[in-house]
Amino acid sequence: MEIIRKYFPRLTETQAEQYAQLESLYNDWNAKINVISRKDIQNLYEHHVLHSLGIAKVLNFKPGTKVMDLGTGGGFPGIPLAILFPETQFHLVDSIGKKVKVANEVACAIGLQNVRCSHSRAEDIKEEYDFIVTRAVMPLVDLVKCSRKNISRVQHNGLPNGIIALKGGELDREMASMRKICTVWDLSDWFEEEYFETKKVVHVGIQK
């Protein structure tokens, strides 16, 4: 939990309490339903919560923003972001029902009023959002193909509506056909831990 305070020192008491509750909740649920690798659960705050919050280093969602977390798994990056941005609406979507169950139970347990969860495929979601956030779900080209229909034309934020993806490693080939609409940030510019040396945030602006 201290690593979250280190980079986000202005948390309210409610936010700090909600982040603090994640450890016991995910440990409990992970023992029943494996949403985080057994070896990695001890790194929950650095590898999962703080990593998710990397998106907040490139964009502060304005109140009323609508965000879909596509392929949320157990709730990442959606739940950490929903805690930080209580006036933004988050729709957490995953095609694996048991993972959606974990995300929903965690969100309910910590009292998040701005989160809903759906067991669904991206192709079946018809609503529109300002942004779609993801964490290493699929290649960017595929993300654009399956989610372009879900991006709203109405702009509210400092970045153009589109996809914000947490990625790792070499992205040159993946981004080859999309360079004109992509912006990339290195998380190592904000987070000093070794884990973030190759981690990036990629924004893909989508016009309809």
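Author: The buried residues of H3 are Leu44, Tyr45, His47, His48, Val49, Leu50, His51, Ser52 and Leu53. This is a predicted model.

Reader: How many of the residues of H3 are buried?

Author: A residue counts as buried when its relative accessible area is under 20%. H3 is largely enclosed by the rest of the structure, because the number of its residues that are buried is 9 of the 10.

Reader: What covers the buried residues of H3?

Author: The cover includes both helices and strands. Among the strands are S4, strand S5 (162-168) and strand S7 (199-205). Among the helices are helix H1 (2-7), H2 and helix H4 (78-84).

Reader: Is H2 oblique or roughly parallel to H3?

Author: Helix H2 (residues 13-32) packs with H3 at an angle of about 130°, and their axes are 11 Å apart. Angles under 35 degrees count as roughly parallel, 65 to 115 as roughly perpendicular and over 145 as roughly antiparallel, and the rest count as oblique. The angle therefore makes H2, relative to H3, oblique.

Reader: Does H2 pass H3 in a left-handed or a right-handed crossing, and which residues of H3 make the contact?

Author: The crossing of H2 past H3 is right-handed. On the H2 side the contact is made by Tyr19, Ala20, Gln21, Leu22, Glu23 and Tyr26. By class, the contact has 8 nonpolar, 1 polar and 1 charged residues. On the H3 side the contact is made by Leu44, Tyr45, Val49 and Leu53.

Reader: With the side chain of which residue does the side chain of His47 make a polar contact?

Author: His47 has its place in helix H3. Its relative accessible area is 13%, so His47 is buried. Leaving aside neighbours within four places in sequence, the contacts of His47 include Arg135 and Tyr195. The polar contact of its side chain, at 2.7 Å, is with the side chain of Asp40.

Reader: Where is Ile55 found, and is Ile55 buried or exposed?

Author: Ile55 is found in the loop between helix H3 (44-53) and strand S1 (66-70). Not counting residues up to four places away in sequence, Ile55 touches Phe61, Pro77, Leu81, Val133, Ile164, Leu166 and Val201. With a relative accessible area of 0%, Ile55 is buried.

Reader: How far apart in space are Val133 and Leu81, C-alpha to C-alpha?

Author: Val133 lies in strand S4 (residues 131-135), and at 0% relative accessibility Val133 counts as buried. Apart from neighbours within four places in sequence, the residues in contact with Val133 include Ile55, Phe61, Val67, Met68, Pro77, Leu81 and Ile164. Val133 and Leu81 are 52 residues apart in sequence, and their C-alpha separation in space is 10.0 Å.

Reader: What separates the C-alpha atoms of Ala165 and Val202?

Author: Ala165 is found in strand S5, and Ala165 is buried, with a relative accessible area of 0%. Setting aside neighbours within four places in sequence, Ala165 is in contact with Thr134, Leu140, Leu143, Lys200, Val201 and Val202. Ala165 and Val202 are 37 residues apart along the chain, and their C-alpha atoms are separated by 5.1 Å.

Key: Residues are numbered from 1 along each chain as its sequence is written. This is a predicted model: local features need pLDDT of at least 70, side-chain atom pairs count only at pLDDT 80 or more; totals for chains, interfaces and linings use all residues. Side-chain values use heavy atoms; hydrogens and water are left out. Helices (H or I, at least four residues) and strands (E, at least two) are DSSP runs, numbered from the N terminus. Buried means under 20% relative accessible area, exposed over 50%, partly exposed in between (1.4 Å probe, protein chains only). Contact means heavy atoms within 4.5 Å. Axes are lines fitted to C-alpha atoms, for helices over the stretch in contact, and angles run from 0 to 180 degrees between N-to-C directions. A crossing is left-handed if the near helix is turned anticlockwise from the far one by less than a right angle, and right-handed if clockwise. Ala, Val, Leu, Ile, Met, Phe, Trp, Tyr, Cys and Pro count as nonpolar, Asp, Glu, Lys and Arg as charged, and the others, Gly among them, as polar. A polar contact is a pair of N or O atoms within 3.5 Å; within protein, one must be able to donate a hydrogen and the other to accept it, and residues adjacent in sequence count only if both atoms are side-chain atoms.
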